[in-house]
Amino acid sequence: MSATTLQAGARSTTRTELVTGEREFAELATAWDRLYRRCGAATAFQSHAWLHSWWLSYGTPGRLRLVVVREGGELLAVAPLMRARRPLPTLVPLGGPISDYADVLLDDEHTDRVAALLAEGLSAAARTALIDFREVRPGGAAERVYEHWRGPRRRVGDSLCLELPAASMDELVGRLPSAKAQRVRAKLRKLTALGVERRVVGHEEVDAALGRLLELHRLQWEGRKVTSEHLHERFSEHLVRSVGPMVRSGDAVVTEFRLDGTVMAVDLTLLSRRLAGGYLYGAHPGLRERKADVAVMLLDACSRHTGGGERGTLSLLRGDEPYKHHWRPDRVVNQRLLLARRRTAPLMSAVVYDVAARRRGKELLRSWRERGGA
């Protein structure tokens, strides 16, 4: 059986279920998308297109654990999880390391009620496993589940993200010191003088554009350290399978940059109600040889997708790369929310100890290097 009722709510039509079947996951798409639109805290990494595609590329059969709250035929909450066994038995979010944010989905009109129901459903589904929500953006819906959790719980810091206000390029440049702002304006004029043309790709061309993005990405990192997962076929399949539907629904935009009629760069930006984030790009080394500043070019393009509506953040996503700091971003640390039952509290303590030990190790290494360590 791939869908098990965990509990019935006070209302006769409300129930919490555990979904473990891949076919049922696929069939949830339409109801999931409606819920996604009703959850203001959601990012594109919680869309059904992204997570179902991720599962097809990275999931292990038999480990899917979707805790859902339904009322009649409508979804009111979803916790997209899977079971992991190493190093400890845990329930972890779908999306893995290639997703910058993890979260649950809660219907904004019923947040407290369904967060409490989802917390109870998660407790029943976890059994002897620890629930480990990594990479929850501050203000995420999972925080409401954390508030309703009745067992042991801990909150620790996770990855750093750098964020800018959702503003036009002129406004972003205006935030910089005068001398630096002048240099950025000169770089924008250089892009214009070179004749770099920007074009948003239509949904019927997305697959081909993503192929060019990945090829340019390989080329730009050739001979240098790169995120190895981006070179795998499974990543390519996931990206092509997920982004096409996301472009059609307005949750992603693919932009091509041409020079002398040739595509020299391709950018993928993910969109949600409150946030736009540049996820991945590929750029031909010839752009830099022509003195084109690729970072300025990409931010200019990304900033054009943050106007109007509620979208208030232009996220540079995870990572503390020096070039991001040129724009004076805010430092926002994702959260790791640990939820345990009484019997699994020792597992939570082990994770908290491990996090503290790793953080201390990084501090010692940084201090050693600052003192001249090789």
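**Strands, helices and pockets**

Mentor: Let us start at a turn: two residues lie between the strands in the hairpin of β3 and β4, and G72 there has a positive phi near 65°. Please keep in mind that this is a predicted model.

Trainee: How many bridges join β3 to β4, and how do they run?

Mentor: There are eight bridges between β3 and β4, and the two strands run antiparallel. Within this pairing, V67 stands opposite A79 in β4.

Trainee: Which way do β2 and β3 run, and how many bridges join them?

Mentor: Strand β2, residues 14-19, runs antiparallel to β3, and six bridges join them. In that pairing R15 stands opposite R70 in β3.

Trainee: Is β3 mostly covered or mostly open?

Mentor: Mostly covered: strand β3 spans residues 64-71, and eight of its eight residues are buried. This holds for both faces, with L64, L66, V68 and R70 buried on one side and R65, V67, V69 and E71 buried on the other.

Trainee: Which residues of α4 are buried?

Mentor: The buried residues in α4 include T111, V114, A115, L117 and L118. Further along the helix, A119, G121, L122, A125 and A126 are buried as well.

Trainee: And what follows α4?

Mentor: R127 follows α4, and its phi is positive, near 55°.

Trainee: Where are K291 and L317 placed?

Mentor: K291 is in the loop between α10, residues 285-289, and α11, whereas L317 lies in strand β13.

Trainee: Why does K291 count as exposed?

Mentor: K291 counts as exposed because its relative accessible area is 63%, and the cut-off for exposed is over 50%. L317 counts as buried because its relative accessibility is 4%, and buried means under 20%.

Trainee: Now α9, please. Is S242 buried or exposed?

Mentor: S242, which is found in helix α9, residues 233-249, is buried, with a relative accessible area of 0%. Leaving aside neighbours within four places in sequence, S242 is in contact with A49, W50 and S53.

Trainee: What about P346: buried or exposed?

Mentor: P346 is in helix α13 and counts as exposed, at 56% relative accessibility. P346 and P152 are 194 residues apart in sequence, and their C-alpha atoms are 9.9 Å apart in space.

Trainee: How does the lining of the largest pocket divide by class?

Mentor: It has 17 nonpolar, seven polar and 15 charged residues.

Trainee: And what is the volume of the second largest pocket?

Mentor: Its volume is about 1100 Å³. Of the 33 residues that line the second largest pocket, Y279, R318, E321, Y323 and K324 are the closest to its centre.

Trainee: Which element gives the most to the lining of the second largest pocket?

Mentor: That is β13, with five residues. At least two residues each come from α8 (206-220), β12 (275-283), α11 (294-303), β13 (313-318) and α12 (322-325). By class, the lining of the second largest pocket has 16 nonpolar, eight polar and nine charged residues.

Notes. Residues numbered from 1 in each chain as written. Predicted model: local features only at pLDDT ≥ 70, side-chain atom pairs only at ≥ 80, totals over all residues. Heavy atoms only, no water. Nonpolar A, V, L, I, M, F, W, Y, C, P; charged D, E, K, R; others polar. 1 Å grid on protein atoms, 1.4 Å probe; cavity = no way out; pocket = protein on both sides within 12 Å on 5 of 7 lines; lining within 4 Å. Points joined across faces, edges and corners; volume = space filled by probe spheres on them. Helix = DSSP H or I, 4+ residues; strand = E, 2+ residues; numbered from the N terminus. Buried < 20%, exposed > 50% of the residue type's maximum accessible area, 1.4 Å probe, protein only. Pairing = 2+ DSSP bridges. Contact = heavy atoms within 4.5 Å.
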